[in-house]
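The notes are grouped by topic and can be read alongside the model.

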Amino acid sequence: MTHTYFVTGGTGFIGRFLIPRLLDRGGRVFMLVREQSLGKVEQLRALWGVGESQLVAVSGELGRPRLGVSRATLAALEGRIDHFVHLAAIYDLTADAQSQVEANVGGTRHALACAKAMEAGCFHHVSSIAAAGLYKGSFTEDMFEEATGLDNPYYRTKHDAEGLVRREKGIPWRIYRPGVVVGHSATGEMDKIDGPYYFFPAIRQVSNALPAWLRAIMVQGGTINIVPVDFVVDAMDYLMHARGQDGQTFFLTDPKGITTGDLVRVLLQAARGPKLSVVSGGGLEKLLGQVPVGRLPGVVPLGRALGTVMEKYGIPEESLKFVGYPTRFDSTKTRKLLARGGIECPPFESYADVIWEYWEEHLAPEARPRRGRSPSWVRRLEQALGRSDPRRLARAVKGKVVVVTGASSGIGRDCALKLAAAGAIVVLAARTPEKLDETIRDIQDLGGEGYACPCDIADMADCDRFVASVLEQHGRVDILINNAGRSIRRSVQHSFDRFHDYERTMQLNYFGALRLIMGFAPGMLERESGHIVNISSIGVLASPPRFSAYVASKAALDAFSWCAASEFADRNVRFTTINMPLVRTPMIAPTRLYDAFPTLSPEQAANLVMKALVDKPKRVATGLGVAGALAQAVAPQISEFVLNHAYHLFPDSPAARGASPGEADAEARSSVDLARRLFAQVFSGVHW
């Protein structure tokens, strides 16, 4: 059986997908078009492969009585329209109130009058979940008057327009309430920036600025109901033609929806950004749920700061209501009907990649970076955490003499193995000969060349002996990797009688490394070739509490290197400082608190070093480390407040406090509470 349709808003986003479906049924479609847009109809006929007899343009306007359709046309169509489909409306949270009243309410009134004049078989009204307002709780398809929170003009006009249809007695009707409509789930096609798309530029900025390996956390937040346009069209096409459904309202929604936290997580994943862990329940979720998100822009000075960010990314103020959206949409009845036709809404996560790709290609305000090209230095850091290109690494180190300190375990050992595999002549320095011998055997198994040279880097005389021995045996050192280090985690207040803590960290981390530089640098300068890589710490940038001895010693080496680099620059001797985030090595093993913290593996850290040997950057640091340094420079009081909070959140270890062995054992067995886990996730990689 073929049908005849009259459609308003046929050139809109949903209409351009729905009309071809109606035409595929062999039907005839009369489409309301403004006079100045009649030329578009011919383009649509060519696109859809139909002629003038199947797709008929009707001149009219939404704001005129009976849509401005001429009396002659109304008479010609009287009794011939089986389905009057009213799609035309303003779907825009940012439109002014008067325009929305005229289009959404006035337009629906005129459409109803037009449909009655034609004696249409059924009036199909496309409403929105916005008709429920900001109702708290579950809103069913039979509910309407219960809607609350209709202050926004969009919510109010969608509600009032639906009310006009519900009160209509002169023509059968069906109402469709789609969720937030996004692009096609298979192609991603979309024609405007709306709904979640407002946040895409900010998501891309975060993804470009932070490495994919970085982990962060976010609470779940409110549930947003997002649906792809193809699901909406499939559902409407089926429900419009289902028998016995007049007078019914249908939720075209995702039965589960997606929380704000999961939406951000999925989009960051699609944008190849940092990994996001979404947490639910607990006091933090309850506390954030009480924050009046929609009123934040009115809070001074928070409103100014938030407004600046929102203006930068083009995010409308009203979109903040989605963050804590309180309504759940019960689509049980509709889902049972659609199941008969094999139609169901796909979860957003299943097509997010497609939506994101289309946005980047067609809707993003700027052309996206070319594939394979790092959009920022942090992208390069992300890539560095993968395996380095063995060919580039081999070109950088093959046949060169490379000294690695602290090479018996952790980062140093992994560096030594990678260097040997790439063809370097590796000289291993550490205090324990037995462990060095194990690493040498592993190097030999790889077919590499390695030499063990035990040395206590904290002993200046032993450093001098080591330098002389290496130069005597190999004649030169091309690359020096100062990796050996000592960390002490203890509050200053527990260190007043432990001045030796500062002496021994400075002795190893600064003076020992400096002694080796002083020993090997003359030959590098003479040959005008050399590279010195210092494994520093993110702590130098972030200045975490309890690490005053460790951070000060690393900062001293950083400062020396920056000064020396400017003197050596024209003689091709380079310095690279790697402000390494927290790495799971034997050095941090005594601090059981770190068992629950996100860390890099020694292999990942070694990959950073290998990348530094290839690219020879001045500094390698995470985005969080740079942000910490910037915060201390431009907002020192805020930075101090956050660090002080961390100081009280993460206590000194029992050993640092001088507690008894029994107390230490009990604390080692205790779990890290949620608040500390969350803090550690947010400030991933920082030593606390």
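Tyr197, Phe200, Trp356 and Trp359 are joined into a cluster by ring pairs. The model is predicted, and a search of the whole structure finds 16 aromatic pairs.

**Aromatic pairs**

- Phe6 and Phe84 form a stacked pair, because their ring centres are 4.9 Å apart and their planes meet at 20 degrees.
- This pair links distant parts of the chain, with Phe6 in strand β1 (residues 4-8) and Phe84 in strand β4 (residues 83-86), 78 residues apart.
- Phe6 is buried, at a relative accessible area of 0%, and Phe84 also counts as buried, at 0% relative accessibility.
- Phe466 and Phe520 make an edge-to-face pair, at 6.3 Å centre to centre and with 80 degrees between the planes.
- Phe466 belongs to helix α17 (residues 460-474) and Phe520 to helix α18, so the pair ties together parts that are 54 residues apart in sequence.
- Phe466 is buried, with a relative accessible area of 0%; Phe520 is buried as well, with a value of 3%.

**Charge over a ring**

- Lys333 lies over the face of Phe250, at 5.9 Å from the ring centre.

**Loop between α11 and α12**

- Gly341 is found in the loop between α11 (332-340) and α12 (352-363).
- Gly341 has a relative accessible area of 36%, so it is classed as partly exposed.
- Gly341 and Ala235 are 106 residues apart along the chain, and their C-alpha atoms are separated by 8.9 Å.

**Cavities**

- There are three cavities of 30 Å³ or more, and the largest cavity has a volume of about 50 Å³.
- The largest cavity is lined by Thr405, Ile457, Asn482, Asn483, Ala484, Leu508, Asn509, Ala513, Ile535, Lys554 and Leu557.
- Helices α18 (499-527) and α20 (548-568) each supply at least two residues of the lining of the largest cavity.
- The largest share of that lining, three residues, comes from α18.
- By class, the lining of the largest cavity has six nonpolar, four polar and one charged residues.

**Second largest pocket**

- The second largest pocket holds about 1,100 Å³ of space.
- Its lining has 42 residues, of which Leu87, Ala89, Ile90, Tyr91 and Lys192 are the closest to the pocket centre.
- Four elements, α1 (13-24), β2 (28-33), α5 (153-166) and β8 (180-182), each supply at least two residues of the lining of the second largest pocket.
- Of the lining of the second largest pocket, the largest share comes from α1, with three residues.
- By class, the lining of the second largest pocket has 21 nonpolar, 14 polar and seven charged residues.

**Cysteines**

- How many disulfides does the model contain? The count comes to zero disulfides, where a disulfide would need a pair of cysteine sulfur atoms within 2.5 Å.
- Cys345 is buried, with a relative accessible area of 11%.
- Cys415 is buried too, with a relative accessible area of 1%.

Technical notes
Residues are numbered from 1 along each chain as its sequence is written. This is a predicted model: local features need pLDDT of at least 70, side-chain atom pairs count only at pLDDT 80 or more; totals for chains, interfaces and linings use all residues. Side-chain values use heavy atoms; hydrogens and water are left out. Buried means under 20% relative accessible area, exposed over 50%, partly exposed in between (1.4 Å probe, protein chains only). On a 1 Å grid over the protein atoms alone, a cavity is a set of points where a 1.4 Å probe fits but cannot get out, and a pocket is an open set with protein on both sides within 12 Å along at least five of seven lines; lining residues have an atom within 4 Å of a point. Grid points are joined across faces, edges and corners, and a volume is the space filled by probe spheres set on the points. Ala, Val, Leu, Ile, Met, Phe, Trp, Tyr, Cys and Pro count as nonpolar, Asp, Glu, Lys and Arg as charged, and the others, Gly among them, as polar. Rings of Phe, Tyr and Trp (its six-membered ring) pair if their centres lie within 6.5 Å; planes under 30 degrees apart count as stacked, over 60 as edge-to-face and the rest as tilted. A charge sits over a ring if NZ of Lys or CZ of Arg is within 6 Å of the ring centre and within 35 degrees of the ring normal.
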